[in-house]
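Here is a short briefing on one protein chain. It starts with the core, then turns to the helices and the surface.

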Amino acid sequence: MSTQEYRRVLEEHLAQVEAELAERRRAATPSGERPGFGKRAGDYVAQVVDDRTNNQLADSLALTATSIRHALVLIDEDRFGRCESCSEAIGEDRLQAVPWALLCMRCQSADEHGDRSSALRRPKR
């Protein structure tokens, strides 16, 4: 896939993620209701659980949106497709699966497992 095709895919996905993020944030806004007369305590607990779930999903979507925006900046800087940690090329299969990937599979795996000897650490932003 060409860089411009990746840009199109990233921009489309960013729009979807931002729409879902806005919906989750709206859904997670607590109503301020407390159980009162005629309300079951379980109803309130269920609402709190739903709010927390929506907040966690919103946090995850926000991280994805940030990664997508960063990938778009890398396209502008002609650095897209290079691992942010080791500077090696990110595999085409990985980019097709996760176009906003910032790390190659080796560095991603090392990052997830805390293995500092296998890969350089991602620079602080």
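The largest nonpolar core has 23 residues. Among its members, Leu 10, Ile 68, Phe 80 and Cys 83 touch the most others. The model is predicted.

**Core**
- Helix 1 (3-27) and helix 2 (41-76) each supply at least two residues of this core.
- Helix 2 gives the largest share, eight residues.
- In soluble globular proteins, nonpolar side chains tend to be buried together.

**Leu 10**
- Leaving aside residues up to four places away in sequence, Leu 10 touches Ile 68, Ala 71, Leu 72, Ile 75, Phe 80, Pro 99 and Trp 100.
- Two of these partners, Ile 68 and Phe 80, are also among the core residues that touch the most other members.

**Helix 1**
- Helix 1 has 25 residues.
- From first C-alpha to last, helix 1 reaches 35 Å, close to the 36 Å expected at 1.5 Å a residue.
- Its buried residues are Tyr 6, Arg 7, Leu 10, Leu 14, Val 17 and Leu 21.
- An α-helix has 3.6 residues a turn, so residues three or four places apart point the same way.

**Whole protein**
- The secondary structure comes to four helices and zero strands.
- From the N terminus on, the order of elements is α-α-α-α.
- The protein has 125 residues, and 30% of them are buried.
- Of the contacts with a separation of 6 or more, 53% join residues 24 or more positions apart.

Methods:
Residues numbered from 1 in each chain as written. Predicted model: local features only at pLDDT ≥ 70, side-chain atom pairs only at ≥ 80, totals over all residues. Heavy atoms only, no water. Core = buried A, V, L, I, M, F, W, Y, C linked by side-chain atoms within 4.5 Å. Buried < 20%, exposed > 50% of the residue type's maximum accessible area, 1.4 Å probe, protein only. Contact = heavy atoms within 4.5 Å. Expected span 1.5 Å × (residues − 1).
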